[in-house]
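Subject: Structure handover

Hello,

Here is the structure I said I would pass on. My notes on it follow below the display.

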Amino acid sequence: ASAAKEILNALMENAEQTAEQVMEAKGLEQKSDSGEIDAWVDQVMNENPEVVADIKAGKDKGVQFLMGQVMKLSRGSANPPLVMQALQKKLNS
């Protein structure tokens, strides 16, 4: 939502650009590369071992925390469903 607002504001300032051009110029495109997402997930899990341990002990609230940390690390560009899939896969292995 915030990316869409930023794109719309940029388009209102400069109508000569397309939404896609603004998105690319500002780096707002959503990342769906599984390698990149896995790297973010790995980094967040390594930085938060206590949360990972809590999740593995049955406290599921930590999953949303890890999800938020991945989104923060990716500056909101990671594809949320793919992040959740990667988290679940790594937490269940």
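**Overall layout**

Read along the sequence, the protein chain runs α-α-α-α-α-α. That is six helices and zero strands, where helices (H or I, at least four residues) and strands (E, at least two) are DSSP runs numbered from the N terminus. This is a predicted model, in which local features need pLDDT of at least 70 and side-chain atom pairs count only at pLDDT 80 or more, while totals for chains, interfaces and linings use all residues. Residues are numbered from 1 along each chain as its sequence is written, and side-chain values use heavy atoms, with hydrogens and water left out.

Of the 93 residues in the protein chain, 29% are buried. Buried means under 20% relative accessible area, exposed means over 50%, and partly exposed is in between (1.4 Å probe, protein chains only). The chain exposes about 6200 Å², and carbon and sulfur atoms supply 50% of that; the areas come from the Shrake-Rupley method with a 1.4 Å probe, and for residues only the protein chains shown count as cover. Among contacts (heavy atoms within 4.5 Å) between residues at least 6 apart in sequence, 53% join residues at least 24 apart.

The largest nonpolar core has 19 residues, of which Val41, Met45, Leu66, Val83, Leu87 and Leu91 touch the most other members. Such a core is a set of buried Ala, Val, Leu, Ile, Met, Phe, Trp, Tyr and Cys residues joined through side-chain atoms within 4.5 Å. At least two residues of this core come from each of helix H3 (34–47), helix H4 (49–56), helix H5 (61–73) and helix H6 (80–91). Leaving aside neighbours within four places in sequence, Leu91 is in contact with Met45, Val52, Ile55, Lys56, Val63 and Leu66.

The axes of H4 and H5 come within 8 Å and cross at roughly 145°. Axes here are lines fitted to C-alpha atoms, for helices over the stretch in contact, with angles from 0 to 180 degrees between N-to-C directions. On the H4 side the contact is made by Val51, Val52 and Ile55, and on the H5 side by Gly62, Val63, Phe65 and Leu66.

Helix H1 (residues 2–13) contains Ala10, which is buried at a relative accessible area of 12%. Beyond its neighbours within four places in sequence, Ala10 is in contact with Val22 and Lys26. The C-alpha atoms of Ala10 and Val22, twelve residues apart along the chain, are separated by 7.0 Å.

**Salt bridge**

How many salt bridges does a search of the whole structure find? It finds one, taking a salt bridge as a side-chain nitrogen of Lys or Arg within 4 Å of a carboxyl oxygen of Asp or Glu. The side chains that meet are those of Lys90 and Asp42 (2.9 Å, N to O). This pair links distant parts of the chain, with Lys90 in helix H6 and Asp42 in helix H3, 48 residues apart. Lys90 is partly exposed at 22% relative accessibility, and Asp42 is partly exposed at 33%.

**A backbone detail**

Most residues other than glycine have a negative phi. Arg75 is not a glycine, yet has a positive phi of about 55°. Arg75 sits in the loop between H5 and H6 and is exposed, with a relative accessible area of 79%.

Regards
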